[in-house]
Amino acid sequence: MARIAAEIAAAVARRAAGGVMTDGIEAASRLYGAGRLTEAIDACRAVLAVEPGRFDALNLLGAALFSTGQDGAAREALCDAVRIAPGHAAALTNLCIVLQHRRDWPAAARALRTLAAVQPESAAVCSRLGTVSQETGDLDASARFLLRAARLDPGPSVQWHNLGLIRMLAGDMAAASRDLRRAVAIAPEGAVAQVQLGETLLRLGRVDEAAGVFGRALRLDPTATDAANGLTRCARYRAIGSAAPVSGSGLAIRGAFTSATGYGRFCQRFIRTLRRRTVPLQAIGIFGPESWEEDLGPPVPAKALVNFLIPLAVERVPGLATVTFTMFEGTRIPPAWRRQSEHSDLIVVPSESSRVAWAAQGFPEDRLRVCPLGVDPEDGAAAGPVPILVDPCGRRVSSYRHRFLNVSDFIPRKNIDGLLRVWLRGTAPADDAVLILKLGNGKNPAFGAELGDLVRRTEAAVGKRMADAAPVVLINQLLSDADMTGLMRAANHYWSMSHGEGWDLPLSKAGAMGLSLIAPRHSAYVDYLDDRVARLIPSAVRPARLPYSGQAYPPFHGLDWWDPDEDAAADILTAIIRGDDTGPTSARDHLVQGFPWSRAADRLLAILDDAGLR
């Protein structure tokens, strides 16, 4: 590569010795430097009109186009430049910048690897490779590249800081703590690195060290909320750890119980049910000082800290066993989850599919337990009113005979693209049917643009416009539990096309309220549904990909999930709407009687008792 670069440099020098086009390039460069971008673009194109193979003109044209927001044209120009001069570092660097900006991660990775061959000692290139690998979900590769960047340029604290953060995400907390200590040693005035070191130490169970680090961070920055929260957790962990455990002692629970996530909701249900069982417990929020609806109690004697969290968020307390109640939605957990799960004495999951996902990644099966969650039937006292919804033409949703509901986060795993493809294929404007689509919580400012892009791609894939299907009513806002119950009462079918679920609280709640259920035959669904009570869609195991893309879905990098059969789903939908399918028996009694929260709480207590942890 060095020889090719030298030949290119010599060619440029020959042109500079007397070519008229060199004057054009110099003029374009001056225009670019002066911020006169449109004129610079015109000047570059004038040069290329006479000499189409001028890589330097293509490189400058790409830079100018990118500066004016013309990313696609910039990419084309820079790709041409790199094809002509594959070893030209400036063109490669510019191309990498454009590809990263366009979030074309596979192409960016290829360009960066070429640049790394040209500049093997460049810490900046290795750092960029680390960033791109993180974006694709390949955390192990990201850590390798960032480690090389730090070794090539060990002076800046940011190199070690970034490496430490990636190693935290990769589940290697011991290595992360070493990297963050080095970052702190280089720049001891930085409170952020101190806080993240404290977080890492808590995951390693080194509470006293973590408290010291959080204290230093707070002295450096008295407004550092994360440091104050960390100190709060340290104090609570010390109090729990100092309370001598006794036979029949209580529980210490940590979870995101103030959030509107699935983890938050099932953590709340367990806490309420255990309190009704008069089980002594102390609940600790994920940040430490959160409050929630009721007095969460003083420290209680406990033998274990039960974390209702993903493994990477689990913190340990010296002297207490670590129990993690979690789940996964694919066929095998990520390597990072496997590493951090190793620090848990027990992993409790709600379904057989999650148990298999841990075992498939090599986690010891004797430390795995299954505790099904409960379902939430309609609570008449807490239920909100049925909302008045209208379709895009102003017709009341309540007037439709078939009212399908889907409640999902707007993420690829929920397969909203598949849901919309089936709706387009299986319905027509004249059908007496409407789809109520509750997506997200209204906090994503890019939601409208992202959904619009997904809809356009779906229409192109099916060859049919949304206007030529039955109507869709979109809801994008955070709803209270009461409002969610009211929304479910507005529908009579609940339909999922998800690629995988740890449980699916909305669907199980809908079934307990009497809605007919349509769900894929995979993951947690098969633990609480069968053909007697639900219409189940055949599904196949496939690599986890982004919609309309060959790229992996980053949280599932290198992993598989399930693809529901869209032909079968469309047939189910059409049969319901035409009245050819009266459907299976209601799942209400099956779910309410078979999966009450009282049974879930009893099962959790039995698991802890059998392990000697209560």
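**Aromatic contacts in close-up**

**View 1. Ring pairs join six named residues into a cluster: Tyr263, Phe266, Phe270, Phe308, Phe325 and Trp597.** The model shown is predicted. Across the whole structure, a search finds 22 aromatic pairs. A pair of aromatic rings is described by the distance of the centres and the angle of the planes.

**View 2. Phe266 and Phe325 form a tilted pair.** The ring centres of Phe266 and Phe325 are 5.4 Å apart. Their planes meet at 50°, so the pair counts as tilted. Phe266 belongs to helix H15 (residues 262-276). Phe325 belongs to strand S4 (residues 321-325). The pair therefore ties together parts that lie 59 residues apart in sequence. Phe266 and Phe325 are both buried. Both residues also belong to the cluster of View 1.

**View 3. Phe404 and Trp423 pair edge-to-face.** Centre to centre, the rings of Phe404 and Trp423 are 5.7 Å apart. The angle between their planes is 75°. Phe404 sits in strand S7 (residues 402-408), and Trp423 sits in helix H18 (residues 416-426). The pair therefore links parts that are 19 residues apart in sequence. Phe404 has a relative accessible area of 0%, so Phe404 is buried. Trp423 is buried too, because its relative accessibility is 0%. The cut-off for buried is under 20% relative accessible area.

**View 4. The charged end of Arg395 sits over the ring of Tyr400.** This contact pairs a charge with a ring. The charged end of Arg395 is 3.7 Å from the centre of the Tyr400 ring.

Terms used
Residues are numbered from 1 along each chain as its sequence is written. This is a predicted model: local features need pLDDT of at least 70, side-chain atom pairs count only at pLDDT 80 or more; totals for chains, interfaces and linings use all residues. Side-chain values use heavy atoms; hydrogens and water are left out. Rings of Phe, Tyr and Trp (its six-membered ring) pair if their centres lie within 6.5 Å; planes under 30 degrees apart count as stacked, over 60 as edge-to-face and the rest as tilted. Helices (H or I, at least four residues) and strands (E, at least two) are DSSP runs, numbered from the N terminus. Buried means under 20% relative accessible area, exposed over 50%, partly exposed in between (1.4 Å probe, protein chains only). A charge sits over a ring if NZ of Lys or CZ of Arg is within 6 Å of the ring centre and within 35 degrees of the ring normal.
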